[in-house]
Amino acid sequence: MSTRDISEARDPDLRSSMAAMRRAAQLARTIAIQTDTSIAVFENGEILQISAAALRAAAEQGDSAA
C-alpha cells in the first residue's frame with residue numbers, strides 16, 4: 001500500500017481538511033488563552049499539556065506551533 005500526500009486526494013473535502021484542522025487548532029489556542037486554560041497536544045508520541053501562559057508567550061513571538 002502506498003501513501004499519498006493528503007493534498008493530492010481526489011476528494012476536495014479531504015484535500016482541504018488539513019487547513020481546517022490548522023484553523024481549529026489556532027481557535028483552540030485562542031480560546032485557551034482567553035479562558036486561561038491549558039491545551040493537550042500529541043507530539044512525538046507523547047501527550048503534552050501547554051499552559052495558557054506558554055500559549056500567550058508563543059503568540060507574542062508569532063509562533064503558531066505552541
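Biologist: What should I know before I start?

Modeller: The model is predicted, so local features need pLDDT of at least 70 and side-chain atom pairs count only at pLDDT 80 or more, while totals for chains, interfaces and linings use all residues. Residues are numbered from 1 along each chain as its sequence is written, and side-chain values use heavy atoms, with hydrogens and water left out.

Biologist: Where do the names of helices and strands come from?

Modeller: They are DSSP runs, numbered from the N terminus: helices are H or I with at least four residues, strands are E with at least two. Take A28. Its place is in helix α2, residues 17-35.

Biologist: How many salt bridges does a search of the whole structure find?

Modeller: A salt bridge needs a side-chain nitrogen of Lys or Arg within 4 Å of a carboxyl oxygen of Asp or Glu. The search finds one. D36 pairs with R56, and their closest N and O atoms are 3.1 Å apart. D36 lies in the loop between α2 and β1 (39-43), and R56 in helix α3 (residues 52-61), so the pair ties together parts 20 residues apart in sequence. D36 is exposed, at 54% relative accessibility. R56 is partly exposed, at 31%.

Biologist: How do I read the sides of a helix?

Modeller: An α-helix has 3.6 residues a turn, so residues three or four places apart point the same way. Now look at α3. A52, L55 and A58 are buried there. They cover an arc of only 120 degrees around the axis, which puts them on the same side of α3. That arc is taken from the directions from the helix axis to the C-beta atoms.

Biologist: Which exposed residues are on the face turned away from the buried side of α3?

Modeller: E60 and Q61. The buried residues of α3 pack against α2, β1 and β2 (46-50), where contact means heavy atoms within 4.5 Å. After α3 comes G62, with a positive phi near 80 degrees.

Biologist: How do β1 and β2 pair?

Modeller: Two strands pair if DSSP finds at least two bridges between them. β1 and β2 have five bridges, in the antiparallel sense. V41 stands opposite L48 in β2. The two strands form a hairpin with two residues between them. In the turn, N44 has a positive phi of about 55 degrees.

Conventions. Buried < 20%, exposed > 50% of the residue type's maximum accessible area, 1.4 Å probe, protein only.
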